Amino acid sequence: MSATTPTPEALAPDGEARAPRRPGWHAFMRPLALVPAGFLLLLLLCALFAPAIAPHDPFLPSIKNRLAPPGPVYWLGTDDLGRDMLSRLIFGARTALVASFQSVSIGLVLGVSIGLLAGYVGGWVDRAAMRFADVMQSIPAVLLALALIGVLGKGLGNAMLAVGLIFSVSFMRITRAVVLAEREQLYVDAARVLGLPPLHIMVRQILPNVAGPLVVQASIALGTALLIEAMLSFLGVGADSTQVSWGAMLETARQFQSEQPLLPVMPGLAITLTVLSYNLLGDVLRERLLPGGGPVARVRAGAAAASAAAAAAVPSPVQPEGADGGALLQVRGLTVMAGESELLSGVDLQLRRGEVLGLVGESGCGKSMTASALMGLLPPGARIGAGSVRLGGQELVGLPEDAMRQIRGKRIGMIFQDPNAALSPVHTIGTQLVDAVRAHTKVSRREALARAVELLELVGVPDAARRMNDYPHQFSGGMAQRVVIAGALACKPELLIADEPTTALDVTIQAQVLDLLTELREKLGMSVLLITHDLGVVADLCDRVAVMYAGQIVETGGVEETLTTPRHPYTAALLQAMPRGQSGLRSLATIAGRVPPAWAWPRGCRFHPRCPRALPACADASVPLEHGVRCIRAQGDPAPAPASTSLETAR
Ligand SMILES: Nc1ncnc2c1ncn2[C@@H]1O[C@H](COP(=O)(O)OP(=O)(O)OP(=O)(O)O)[C@@H](O)[C@H]1O
């Protein structure tokens, strides 16, 4: 791999990735959608312009014309008090729409707020919300509405408040379910890594994903609300005599149906057609907006940015370095626990300014856990048991969350393995980069936009200004990773943690992204902690390497000496297990066995059960890391483990 100037990948010209096919808004051009949409539009117009449209005063009685059949003056006839049925229907549309929108809005505001909080915070808040929802849903909606009206008093406003409370339960459940799924997504981790506050993450990152299901549910709820309003007005606890309600018109019609059989037809039809229209429209929206056919439908196919962390537009002040000997990052004895298990045991790392340190090891060795501990973003259940993490002399372990949020993104940036998952699918790249820039920097939106374009240019995204308006799914994997890197650099962090930044990418693109990292490190002078499985990448990019096994650093040193004369048998085994271009059809060496789980780290040297050079003493007591190696043979006998190789071979 050569460190050449990054070029946009050839596989996807201009970085374009084709978006998955999905039904467009032309879905609304079908009769199934046009007819209900047209009907609802007509209703809306009636509601808005009722006084202008209605031919008569809907409240003006005319006893001499009572129960008149349809005719040239009263097109739809009159009711028992001689009031014009057509005018009452038109005014009834106003009541129906206001009441249903009012209750659905109440339901949405309440349900979405509680659902967001319950899903995101979890714990007792979630349990309390769910038990409350269970109780509410075990009672039939109309009974509950009647009970609430009993407490709140009669009247359409109270009736709709009651209905809104009932609806809030279903909105809450939907929101919570989506939040539970979304909060585990990498783009949410990415937002945390940026140092964005929880409210911002909930509202700006997660909430847009709930929009599709909510719109569908709301359209169905509008129909239900209208039915409940009609029912309550029919029972005499909804609309009063100053309002016209289709439900109340039906009640009157019931009483005088024997004298005027046409009386219930029009209000009945109005209710039926409106509810049907809401439901048909809900079906079209479902097809358009929900997974399997919608914009929110996991269109992650190629995004990657808002992730990383980063902050201030100017380099943040570095604390006095004191005893850290010029190191930017100094990790000492870092131990991470989950219950009784040690996931990391006394990890020591040191990273100088402008240096690239590779952290390597098999899957399950603790590389990502180390990165999470450095960022102060351990998964639930894991905690720091001991040790210290100093960044530019400032201790990070034990720092309050607010202070840590100022470090994340601002002084430490992070990029992730899967660029497609690291970006929010519902925001443009421009919005996400602007958020990244403004997370820690007080700049205007215009300045942040200019900086975002600069960042995209810096990471080699062609036609940067135009691409600001694109969504993540419109970027290829390599381009998406460039956007993620741009997000991570938004505030010029001193340290960039790159957690397997190329694993999810095509081989040809991997080289370009690695070249980009090399170039950026030279240009910006930042330190990089590069987590990888690939010793070839380490040989290419890193100055020093730390080899990790079973939650411990087992060997650390300069890249050249460590990869050419490994001293720990595990490093030697990793090198032997590397595929080499010139090896022809030679079968690949593997390391026998697998990394044990954290609760079963072996006694003594943790690698001894898999080590070809193990001595009986290796199982006796744990081995300290001395002179950069954690092996009693290497410490007693300076001869390297048998895997000497040249750096060129490693590459
Ligand atoms: N949330 C968690 N709770 C408890 N143990 C965990 C948790 N996450 C990871 N572990 C354990 O911690 C150890 C280290 O895992 P980690 O993900 O850091 O390994 P890794 O080297 O980064 O692997 P990979 O390369 O696959 O990402 C493993 O034994 C893993 O099972």
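In the predicted model, four strands form an open sheet in the order E2-E1-E4-E5, with antiparallel pairing; strands (E, at least two residues) and helices (H or I, at least four) are DSSP runs numbered from the N terminus, and two strands pair if DSSP finds at least two bridges between them. Strand E1 (residues 327–338) is joined to E2 by eight bridges, and the two run antiparallel. Within E2, Glu-342 is the bridge partner of Met-337.

Residues are numbered from 1 along each chain as its sequence is written. Because the model is predicted, local features need pLDDT of at least 70 and side-chain atom pairs count only at pLDDT 80 or more, whereas totals for chains, interfaces and linings use all residues.

The largest nonpolar core comprises 181 residues, and Leu-530 and Val-547 have the most contacts inside it. Such a core is a set of buried Ala, Val, Leu, Ile, Met, Phe, Trp, Tyr and Cys residues joined through C-beta atoms within 7 Å, where buried denotes 20 or more other C-beta atoms within 10 Å of the residue's own, placed from the backbone. Helix H8 (residues 198–234) gives the most to this core, with 16 residues. Domain 1 (38–55 + 80–289) and domain 2 (567–651), with bounds from an automatic or database domain assignment, both give residues to this core, so the core lies between them.

Around the ligand, helix H11 (residues 367–375) gives the most to the shell, with three residues.

How values were computed
A residue is buried if 20 or more other C-beta atoms lie within 10 Å of its own, exposed if 12 or fewer, and partly exposed in between; C-beta atoms are placed from the backbone.
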